[in-house]
Amino acid sequence: MPDHLKFGLTSINSGATSYPEALMHLAQTAETAGFESLWAGEHSVLAESTTRMSPTLRLLNPVVALTYVAAHTSTIRLGTGVLLLPQHQPLILAKQLATLDVLSNGRLMVGVGVGWSEEEYQALGIPYHERGARADEYLAAMRAIWSEEKPAYHGQYVSFQGVQAHPHPVQQPAPPIITGGRAPSVIRRTIEQANGWYGFALDLDETANVLAQLREAANRYHRPSSLGELEISVAPRIPIDTETAQRFAELGVHRLIFIPPPGKDASALLQWITTLGETLVGRV
């Protein structure tokens, strides 16, 4: 069981808190309440046919939103939860993320995934079926530009040498890389390339199942020692009290990331965060 369960808050860049003042107050309230991290997800466009999310949902760009949050907080960590990595030019994204890490004094966590919407990829002109292979290469390329004295990478989708990109991230050799998703390729990528794994909207049984898959994969794939112990983050889709939080911790979860209840306005969300801080965050 982890020595101390950490608590985060996700979806901070959407809906009622996608407005400047509301986002600032949410971030400061969460920091005061003792939350360890704030997380912002990504969809550059939403297909009108999707049933998973409203296509008219207000959703701020996560890197820009977290940079804004960084300017209004001092200690809380900032996570992308998750960036749709194959949809980005990796060197441009690496520059944006390095900038955020520098401006936040090393508080960034880079959560990445490959997404589920083929329509989104089509709109951006990126082949959907290539998203996994692109993610593998883009991660390696970003690590190279962030930390190598003479950065170079040569792959099918990205290739460079003889260039530099400064400043490097404060966190070296890279900010923590956290993968999101449950597909077999994601499980492999997590073991081979990530510092952590992020499961979204899971219950206890689903969490236990994925953690078993990760343990089995650790016996099949090479994990560089430099990545350290795999940190497990879960955004639960069930109500959380002290007992349930401890049950997640006993499974091997290091961080619980709360999904805000739907339909609350900004004021109600601030009260919800404060209550969680008083009743749970400081007690587990």
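The lining of the second largest pocket comprises 7 nonpolar, 5 polar and 3 charged residues (Ala, Val, Leu, Ile, Met, Phe, Trp, Tyr, Cys and Pro count as nonpolar, Asp, Glu, Lys and Arg as charged, and the others, Gly among them, as polar). The model is predicted, so local features need pLDDT of at least 70 and side-chain atom pairs count only at pLDDT 80 or more, while totals for chains, interfaces and linings use all residues. Residues are numbered from 1 along each chain as its sequence is written, and side-chain values use heavy atoms, with hydrogens and water left out.

A pocket here is an open set of points on a 1 Å grid over the protein atoms alone, where a 1.4 Å probe fits, with protein on both sides within 12 Å along at least five of seven lines; lining residues have an atom within 4 Å of a point. Arg143, Pro173, Ala174, Ser226 and Leu227 are the closest to its centre among the 15 lining residues. Helix H5 gives the most to this lining, with 4 residues (helices are DSSP runs of H or I, at least four residues, and strands are runs of E, at least two, numbered from the N terminus).

Turning to the largest pocket, about 1300 Å³ of space lies inside. It is lined by 42 residues, of which His43, Met53, Gly81, Trp116 and Phe200 are the closest to its centre. Strand E8 provides the largest share of this lining, 4 residues. By class, 18 nonpolar, 18 polar and 6 charged residues line the largest pocket.

How values were computed:
Grid points are joined across faces, edges and corners, and a volume is the space filled by probe spheres set on the points.
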